[in-house]
Amino acid sequence: MSEALVAKLVHSFYGRIREDAVLGPIFEQRVGHRWNEHLATMVDFWSSVALTSGRYSGRPHAAHHGLGLKPEHFQRWLALFEATVSEVCQGQPAAFFIDRAQRIAESLQIGLNIGPNALHLPPRATAEGGAKRS
C-alpha cells in the first residue's frame, strides 16, 4: 500500500459518489463547492487508516449527523466502495480496504443509532421530569 494508491482510491470512489443518483445529492448538500477540501480530508482519513500516517484528526461521527442517513445509504456506499476497490487494487490491499470500509460503515451506523446494531435506548428522564431521547 502507498499514498498514491490511497489517493487513487479516494478520488476514484468520490468520482462515483458524485455521479450516484442516491448518494450524490447527499454529498453535494454537505460538501457543496468544497470538494477539493473534502477529497484532501478523505485522503488523510484513509492514509491514517491504511498507512497509520496520523494525518486525520476529524470527527467522522459528527460529520454524518443531520443528513437523514439510513442503512440503505451505507449499503449503497459500501457497494460503490467495493466496486472501486476492485478496479483500483487487488489481493491484500483490496481485502484490507473492504474490511475497514465495512467496519467504518458499521461504526457510523451505531453512532447514528441506525441499522441492525443500533442501540435503540429508551428515553431517559430529565431533571424537569420529562423524557429525553438519548
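Trp46 is buried, and Phe81 is buried as well. Buried here means under 20% relative accessible area, exposed means over 50%, and partly exposed is in between, with a 1.4 Å probe and protein chains only. Before I go on, a word on the source: this is a predicted model, where local features need pLDDT of at least 70, side-chain atom pairs count only at pLDDT 80 or more, and totals for chains, interfaces and linings use all residues. Residues are numbered from 1 along each chain as its sequence is written, and side-chain values use heavy atoms, with hydrogens and water left out.

Back to those two residues. Trp46 and Phe81 form a stacked aromatic pair, with 5.1 Å from centre to centre and 20° between the planes. For the terms: rings of Phe, Tyr and Trp (its six-membered ring) pair if their centres lie within 6.5 Å; planes under 30 degrees apart count as stacked, over 60 as edge-to-face and the rest as tilted. Trp46 sits in helix H3 (residues 35–51) and Phe81 in helix H5, so the pair ties together parts that are 35 residues apart in sequence. Helices (H or I, at least four residues) and strands (E, at least two) are DSSP runs, numbered from the N terminus.

How many aromatic pairs does the rule give? The count comes to 12. Another of these is Phe13 with Trp77: the ring centres are 5.7 Å apart and the planes are at 90°, so this pair is edge-to-face. Phe13 is in helix H1 and Trp77 in helix H5 (residues 71–88), so the pair ties together parts that are 64 residues apart in sequence. Phe13 is buried, at a relative accessible area of 2%. Trp77, at 12% relative accessibility, also counts as buried. One aromatic cluster includes Phe13, Trp46, Trp77 and Phe81, and Tyr14, Phe27 and Phe97 are among its other members.

Now the wider layout. The protein has 6 helices and 2 strands, and from the N terminus on the elements run α-α-α-α-α-α-β-β. Of its 134 residues, 36% count as buried. Contact means heavy atoms within 4.5 Å. Among contacts in the protein with a separation of 6 or more, 66% are between residues 24 or more positions apart.

Next, the core. A nonpolar core is a set of buried Ala, Val, Leu, Ile, Met, Phe, Trp, Tyr and Cys residues joined through side-chain atoms within 4.5 Å. The largest one has 37 residues, and those with the most contacts inside it are Tyr14, Ile17, Trp46, Trp77 and Phe97. At least two residues of this core come from each of H1, H2, H3, H5 and helix H6 (91–112). Which helix gives the most to this core? That is H6, with 8 residues. Leaving out residues up to four places away in sequence, Phe97 touches Met1, Leu5, Val6, Leu9, Trp46, Ala50, Phe81, Val85 and Cys89.

Asp20 is in the loop between helix H1 (3–19) and helix H2 (24–31). Is Asp20 buried or exposed? Asp20 counts as buried, because its relative accessibility is 7%. Its side chain reaches the backbone nitrogen of Leu23 at 2.8 Å. Beyond its neighbours within four places in sequence, Asp20 is in contact with Pro25, Arg76 and Leu80.

Last, the charged pairs. A salt bridge is a side-chain nitrogen of Lys or Arg within 4 Å of a carboxyl oxygen of Asp or Glu. The whole structure has 7 salt bridges. In one of them, Arg55 pairs with Asp44, and the closest N and O atoms are 2.8 Å apart. This pair links distant parts of the chain, 11 residues apart: Arg55 is in the loop between H3 and helix H4 (60–64), and Asp44 is in helix H3. Arg55 is partly exposed at 36% relative accessibility, and Asp44 is partly exposed at 24%. Glu3, Asp44 and Arg55 are linked in a network of salt bridges.

Asp99 forms a salt bridge with Arg100, the closest N and O atoms being 2.6 Å apart. The side chain of Asp99 also meets that of Arg103 in a salt bridge, at 2.9 Å from N to O. Asp99 and Arg103 are 4 residues apart in helix H6, so about one helical turn separates them. Asp99 is partly exposed, with a relative accessible area of 24%, whereas Arg103 is exposed, with 53%.

Terms used. Polar contact = N/O pair within 3.5 Å; in protein donor to acceptor, adjacent residues only side chain to side chain.
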